[in-house]
Amino acid sequence: MSSSTTYKYATLDPTVWNKPNPVPVEVIQYVDDAVKSMLPPDNTVVSITPSGSSYWARTAKIETETPEGEEQSFFIKVQCGDYAQKLFTGEYASMRALREAMPDLTPLPVGTGQYASDPDKFFYLCEFREFVEDVPDVEDFSSMIAEMHKRGVSPDGKFGFPVPTYGGRLPMLYPPSDTWEELFTQVMDTTFTVEEESQGVDEDMQALREAIMTKVIPRLLRPMETCGRRLIPRLVHSDLWHGNVAVDVNTGLPVIFDGIALYAHNEYELAPWRPIRHNIGRPYINEYLKHAAVTDPAEDFEDRNLLYCIVREEMRELVNKYPEGYEGWLKEHPEDAGTGPSNGKGLLRL
């Protein structure tokens with residue numbers, strides 16, 4: 001977290017920047033007692049200064065000094081209201097899980113809590129890392145993400161995540177699920193519902209929704225968990241576009257932040273790397289696949305990737321391609337008919 005960095009939500013949209021920050025600047029002009037209680041007890045607070053940019057929160061660097069006279073710095077985000085408490089609780093849980101799986105990739109999360117001086121203010125506190133906002137080396141980044149997926153195995157064998165997280169202001173609920181198809185179907189159903197509530201009823205979208213839910217999702221996801229195959233739920237960040245990735249000034253290695261973690265099909269992580277508008281793109285997918293084999297059926301990889309980063313025209317493409325859904329796949333693979341979901345030992349490709 002660095003003064004040279006624009007925070008994820010600090011977009012270039014002028015309609016955003018023209019709005020006043022809802023969090024008073026005063027909250028980062030002092031170190032609240034609740035924050036102090038999470039700092040190393042023998043450290044002395046030296047200063048707090050603004051660091052990074054955000055239109056929805058206040059962000060700052062807290063400099064402290066150890067008893068040995070060494071500098072130890074922390075990064076803090078502060079926001080108002082109950083939503084902030086839920087947001088930071090989810091972020092803290094996400095970053096803890098990611099840190100445990102791959103320490104070199106993430107700033108150490110320290111804690112989250114409520115200001116002692118103002119119960120309407122909530123904060124997230126982590127290690128301060130000096131970085132530059134730049135895309136990381138293709139090989140370093142892709143290999144480290146693959147390694148994180150290998151290490152981050154669901155502790156109970158379930159897909160999902162035990163703590164609600166947030167994508168912006170959208171709650172991301174990932175209830176424990178036995179199969180990836182089950183969880184992804186719930187996630188997509190919620191996404192469609194939120195879209196309809198915010199944009200109004202659209203008959204074309206309703207038709208696409210029905211086909212995606214009943215035809216495309218079973219067709220593309222169910223074969224990965226049938227016919228003796230078994231997906232292992234892997235820890236993913238789930239929002240790894242270039243706005244959530246930077247390069248550590250001291251090590252030159254990637255740093256990831258703003259996680260919306262869940263245990264998922266590892267290929268779900270690659271969705272933000274598909275759109276050509278993103279700076280982390282196809283070369284990163286190609287490099288990743290050198291370290292993590294494509295999930296079987298391998299011939300479905302591109303369409304699964306399309307499904308995971310779906311927009312309207314891409315939905316229509318998939319709906320037109322798979323009008324018969326999973327049943328159509330079984331017609332093409334009669335030897336697999338009746339095998340059903342795999343609950344035994346399957347093919348572990350990671």
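Let's start with P297, which is found in the loop between helix 7, residues 282-291, and helix 8. The peptide bond that joins D296 to P297 is cis, with omega at about 0 degrees. Please keep in mind throughout that this is a predicted model.

One is S238, in the loop between strand 9, residues 234-236, and strand 10. Its phi is near 80 degrees, a positive value in a residue that isn't glycine. Is S238 buried or exposed? With a relative accessibility of 16%, S238 counts as buried, because the cut-off for buried is under 20%.

The other is D258, and here we are in the loop between strand 11 and strand 12, the latter being residues 262-264. D258 isn't a glycine either, and its phi is positive, at about 55 degrees. D258 has a relative accessibility of 6%, so it also falls into the buried class.

While we're in this part of the chain, have a look at V249. You'll find V249 in the loop that runs between strand 10, residues 245-248, and strand 11, residues 254-256. V249 is partly exposed, at a relative accessible area of 45%. Which residues does V249 contact, if we leave aside its neighbours within four places in sequence? They are E130, F131 and V132. Take F131: it sits 118 residues from V249 in sequence, yet the two C-alpha atoms are 4.7 Å apart in space.

Now compare that with M38, which lies in the loop between helix 2, residues 33-36, and strand 1, residues 44-50. M38 and L220 are 182 residues apart in sequence, and from C-alpha to C-alpha they are 46 Å apart. What M38 does touch, not counting residues up to four places away, is V110, G111, T112, G113, F123 and L125. Its relative accessible area is 29%, so M38 is partly exposed.

Right, on to the helices. Two packed helices are described by the angle between their axes and the distance between those axes.

Next, follow helix 6, residues 203-221, to its other partner here, helix 10, residues 325-332. These two pack with their axes 6 Å apart, at an angle of about 40 degrees. That angle makes helix 6 oblique to helix 10. On the helix 6 side the contact is made by K215, P218 and R219, and on the helix 10 side by G325, Y326 and W329. That contact has three nonpolar residues, one polar and two charged.

The last pair brings us back to helix 8, residues 301-308, with helix 9, residues 312-321. Their axes come within 9 Å and cross at roughly 140 degrees. That makes helix 8 oblique to helix 9. This crossing is left-handed. The residues that meet are D303, L306 and L307 from helix 8, and E314, E317, L318 and K321 from helix 9. By class they divide into three nonpolar, no polar and four charged.

One last topic, the cysteines. How many disulfides does the model have? The count comes to zero. For C126, the nearest cysteine sulfur is that of C80, and it is 19 Å away. C126 has a relative accessible area of 1%, so it is buried. C309 counts as buried too, with a relative accessibility of 16%.

Thanks, everyone, and I'm happy to take questions.

Terms used
Residues are numbered from 1 along each chain as its sequence is written. This is a predicted model: local features need pLDDT of at least 70, side-chain atom pairs count only at pLDDT 80 or more; totals for chains, interfaces and linings use all residues. Side-chain values use heavy atoms; hydrogens and water are left out. Axes are lines fitted to C-alpha atoms, for helices over the stretch in contact, and angles run from 0 to 180 degrees between N-to-C directions. Helices (H or I, at least four residues) and strands (E, at least two) are DSSP runs, numbered from the N terminus. Angles under 35 degrees count as roughly parallel, over 145 as roughly antiparallel, 65 to 115 as roughly perpendicular and the rest as oblique. Contact means heavy atoms within 4.5 Å. Ala, Val, Leu, Ile, Met, Phe, Trp, Tyr, Cys and Pro count as nonpolar, Asp, Glu, Lys and Arg as charged, and the others, Gly among them, as polar. A disulfide is a pair of cysteine sulfur atoms within 2.5 Å. Buried means under 20% relative accessible area, exposed over 50%, partly exposed in between (1.4 Å probe, protein chains only). A crossing is left-handed if the near helix is turned anticlockwise from the far one by less than a right angle, and right-handed if clockwise.
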